[in-house]
Amino acid sequence: MTATPAMSPQPPAATTATFQLDGREVPFNEGQTIIQAALAAGRYIPHLCYHPEFKPHGSCKLCTVKVNGRPAASCTLPAQAGLVVESDTEELNGLRRTLVQMLFAEGNHFCPSCEKSGNCTLQALGYDLGVMTAGFRHFFPDRPVDASHPDILLDFNRCILCELCVRASCEVDGKCVFALSGRGQTKHLVVNAASGRLADTDADLADKAMEVCPVGVIIKKRVGFAQPIGQRRYDARPISAQALEDAPRPGAGSPGCAACEEGG
Amino acid sequence: MPFDLETAPNPDNLKRVAIDPISRVEGHGKVTLLLDEDDRVQQARLHIVEFRGFEKFIQGRPYWEVPVMVQRLCGICPVSHHLAAAKAMDQIVGARQLTPTAERLRRLMHYGQILQSHALHFFHLSSPDLLFGFDSEVAKRNIVGVAAAYPDIARQGVLLRKFGQEVIRVTAGKRVHGTSAVPGGVNKALSIEERDGLLKDIYTIIGWSRDAVALARRLFEQHLDSYNAFGRFEAHSLGLIRADGAMDLYHGGLRARDKDGRTLFDHVDYHHYWDYLQEDVKPWSYMKFPFLRQLGPEQGWYRVGPLTRVGQCDFIPTPLADKARQEFLAFDAGRPAGSTLGYHWARMIEMLHSAEMIKELLHDPDSLGTDLMTQGERAERGVGMIEAPRGTLIHHYKVNEDDLVVRANLIVSTTHNNQAMNEAIRQVARQYLDGRKLTEGLLNHIEVAVRAFDPCLSCATHALGKMPLQLELMDASGGLLDRLQRDTDGQCTSPDA
C-alpha cells in the first residue's frame with residue numbers, strides 16, 4: 001500500500017512558470033512546493049522529515065532556504081513564479097550542519113554498532129554536510145528499547161521526532177500506533193497502548209509505518225547487518241545524489257519512495 | 001595470598017616508580033614499582049588503567065548487534081571479537097553447523113586477522129627493541145628507526161600487515177570493523193575478482209613470512225642466553241586444539257597442560273568452560289585474573305597465545321609452519337619454547353601458518369559459494385571461543401525471549417595472560433632492576449616483557465563495580481578534609497569514621 005501523494009506531479013505540459021534556485025531557473029507545476037519542484041528538476045535541497053508520499057511536515061528545518069532574502073521551509077512553501085531562492089550557501093549549509101549536530105547530541109546515535117549505518121538518512125546527511133563532531137555536549141538520555149513485539153524492535157535512542165511513522169501509521173495504515181508526547185526537551189515517541197509496549201498495539205511488520213523510519217528506531221528483528229558493506233544505500237554515493245534518484249519525476253509513474261521499497 | 005612481589009609488606013617508606021603509559025602498547029597500561037632504600041624491588045604490578053565495561057553496556061541490546069558492537073573493544077584485533085561473538089550468537093539462532101562457505105569465509109577473515117595482527121605486533125611494535133637492543137637510543141627505538149636502519153624488514157612488515165588487512169576487507173567489508181559475521185553465517189560472498197586479487201600476492205606473503213620466522217630465529221641465536229633467561233618463568237598453558245591435535249585458531253576443544261607438560265584436560269567442549277576456568281578479582285586492577293579451577297587461584301594461573309599454541313599442538317596442519325614448529329621446539333633443547341621472548345618466534349610461525357591457510361582457503365571452491373546462512377532451534381545461551389592473535393578468547397552471552405542480551409561475560413586473551421604478564425615483569429624487575437639506578441633503558445626492559453605477550457591491553461577491562469576507589473577532599477593548602485572509600489564489594493565507607 002502506498003500513500004496518495006499530497007501534491008501529485010502534473011503532466012509535463014503544464015510546466016511553464018519558473019523560480020530561481022541558486023541563480024538557475026527551476027520549472028514548477030501549480031501546487032508544487034519549492035522542494036518538490038527542485039528535486040523533480042534534479043536540484044538537491046537537504047531534508048530529513050520531508051517524504052514524497054506524505055504531507056509536508058516542516059519540523060526538521062533542514063530544508064530551510066532563503067526566499068527573497070527571508071528564511072522559509074522549502075517543504076511547506078508553494079513555489080511561485082519569480083521567487084529568488086538561495087539554498088546551497090555557506091550560511092545555510094552551516095545552519096543545517098548545526099541542526100544535524102544537535103540531533104546527534106540529543107539522542108544516542110552510536111553509528112559504529114547501529115544496523116542502520118549506511119542506510120541512515122541522518123548519518124548520510126552528517127557525512128554530506130561535513131559534520132565532523134557532535135559539536136555540542138551529548139545529552140546521553142536514558143531511553144530503554146522496546147523489544148516486546150515479536151517481530152519489531154523500537155530503539156528510541158535514535159529518534160529524531162520526524163513523525164514519519166506517526167504520519168504513515170495514521171494516514172496509510174489507519175492504525176495510529178505512534179504519537180509524540182511531551183514538550184520541548186522531553187518530547188518523545190510513544191505507542192498507542194495502555195501498557196506503553198509495542199506488543200500491545202496493532203503494529204504489524206507489513207505496516208507502512210515500519211518502513212519509513214529514516215533512522216534506526218523501527219527495526220525489523222533478527223535481520224540486522226544482513227546487507228554487506230558496499231551494498232548499503234549510501235555506500236556508493238552521497239545522499240545529495242541518492243535523493244535526486246528517489247525524487248518523483250513528472251510522468252514517471254508511481255511516486256513511491258525508493259528507500260521504503262528497498263526496505264532500507 | 002598475594003604472589004611474590006605482588007604486594008610489598010611495608011609499602012609506606014618505599015620509592016614509587018611508574019612507567020606510565022607503557023609505550024608501543026595499544027590501550028593504557030601502567031607498571032608501578034616500589035623500591036626500598038637500596039633500590040631493591042619490593043613490589044611490581046602491571047595495571048590496566050582504562051575501563052571499558054562492554055560486559056555491562058551490551059546488556060539490553062539486541063543480540064544481532066553484538067558481533068558488530070563488541071569488536072569496538074579493539075582496533076588491532078576486532079575480527080577476533082567479531083567472530084567470537086558471532087560464534088556465540090550462532091548458538092542463539094540454533095546454527096549448530098554453518099554452511100561450508102560461511103565457515104571458510106569466517107576462517108579466511110580470521111587468518112587475515114592473525115596475519116596482520118602478528119605482523120603489527122612483531123614488526124611495528126616489538127622489532128625496534130629486538131633489532132636495536134632493549135636499552136638502545138630511545139629516539140631511534142621505533143618503527144621509523146627500523147625503516148631507516150633495516151628498510152627491507154620494515155617494508156615487509158608494513159606490506160604483510162597490509163595484505164592481512166586486505167583479506168579482512170574482502171571478507172568483512174572493511175579493513176577495520178567490518179560487519180560480515182552475522183548470527184548464523186556471513187552476509188557477504190567472496191567474488192572471483194576478490195579471490196584472484198589476493199592470490200596474486202599470496203606466494204610473496206608466504207615467502208616474507210618464512211623470512212620473518214628466520215629473523216626471529218636469528219635474533220635468538222645472536223642473544224641466546226639473555227633471550228632464554230629474559231623474564232622467564234614456568235607456567236601452565238591453555239588453548240584450543242583441533243580434534244586430531246592439530247593447531248586450529250578458529251575452532252576446537254580446550255587443552256590445558258601443566259608447567260611440566262602433563263595434560264590437565266584435553267578436547268574439552270568449551271561450551272561449559274566455567275567447569276574448568278574461574279575468574280578472580282584483585283583490588284588494584286580492572287582486569288580479572290582467570291585460573292584453572294582444578295588448581296585454584298594461587299596455582300592455577302596459566303599462559304595463552306602463540307607460545308602456548310605452538311608448544312602444545314601435536315602438529316601444525318600446513319607444511320612450512322609445521323617444519324618451523326619442529327625447528328623451534330628442537331632449538332637449544334627447547335629452551336626458547338618456554339621463554340617469554342619465545343613468544344615472538346612462535347608468533348612468526350603462526351603468521352606463516354596463517355599465510356599458508358589463506359592460500360589453501362583461496363584455492364578451496366567452497367570459498368566462492370553463495371549459500372551463506374543457516375539457522376535452527378533457538379537457544380538462550382551462547383558461548384563463542386576462538387584463538388585470537390594474543391590467545392584464547394571467550395564470549396559468553398545470555399539472550400532473553402525478546403531478543404535482548406541480559407548477561408555477557410568476556411574473557412579476553414590479555415586477561416588470561418594477566419598473571420603471566422605480572423610474573424614476567426616481576427622476573428625482569430628481579431633480573432635487571434634490583435639494586436641498580438633506574439634508567440629509561442632499564443625500565444624499557446619491563447616494557448619489552450609486556451610487549452612480548454601483548455601490544456594491546458584495552459580489551460580486557462570489564463570488572464565493573466569491582467575497582468576500589470578512594471575519593472579525597474582536600475583544602476586549598478592540600479590538607480585532607482575527608483575521605484570516602486569504595487571497597488571491592490562496591491561498599492562505600494569513610495575510613496576515618
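**Two chains, term by term**

Modeller: Chain A has six helices and nine strands. Helices (H or I, at least four residues) and strands (E, at least two) are DSSP runs, numbered from the N terminus. This is a predicted model: local features need pLDDT of at least 70, side-chain atom pairs count only at pLDDT 80 or more, and totals for chains, interfaces and linings use all residues. Residues are numbered from 1 along each chain as its sequence is written, while chains are lettered from A and ligands numbered from 1 in the order in which they are written.

Colleague: And how many helices and strands does chain B have?

Modeller: Chain B comes to 15 helices and 17 strands.

Colleague: What makes a residue count as buried?

Modeller: Its C-beta atom, placed from the backbone, has 20 or more other C-beta atoms within 10 Å; exposed means 12 or fewer, and partly exposed lies in between. Of the 264 residues of chain A, 43% count as buried. For the 497 residues of chain B, the share is 51%.

Colleague: Why are α11(B) and α12(B) called roughly antiparallel?

Modeller: Start with the angle. The axes of α11 (residues 319–330) and α12 (residues 342–363) of chain B cross at roughly 165 degrees and come within 8 Å. Axes are lines fitted to C-alpha atoms, for helices over the stretch in contact, and angles run from 0 to 180 degrees between N-to-C directions. Under 35 degrees is roughly parallel, over 145 roughly antiparallel, 65 to 115 roughly perpendicular, and the rest oblique. Therefore α11(B) and α12(B) are roughly antiparallel to each other.

Colleague: Which residues of α11(B) and α12(B) make the contact?

Modeller: From α11(B), Leu320(B), Ala321(B), Ala324(B), Arg325(B) and Phe328(B). From α12(B), Trp345(B), Ala346(B), Ile349(B), Leu352(B), His353(B) and Glu356(B). Contact means C-beta atoms, placed from the backbone, within 7 Å. These residues divide into eight nonpolar, one polar and two charged. Ala, Val, Leu, Ile, Met, Phe, Trp, Tyr, Cys and Pro count as nonpolar, Asp, Glu, Lys and Arg as charged, and the others, Gly among them, as polar.

Colleague: What makes β8 and β11 of chain B edge strands?

Modeller: The open sheet runs β8-β7-β6-β11 in chain B, with mixed pairing. β8 (263–268) and β11 (302–303) each pair on one side only.

Colleague: How do you know that β7(B) pairs with β8(B)?

Modeller: Pairing takes at least two bridges found by DSSP. Three bridges join β7 (residues 253–257) of chain B to β8(B), and these strands run antiparallel. Ala256(B) stands opposite Phe265(B) in β8(B).

Definitions and conventions:
Two residues are in contact if their C-beta atoms, placed from the backbone, lie within 7 Å.
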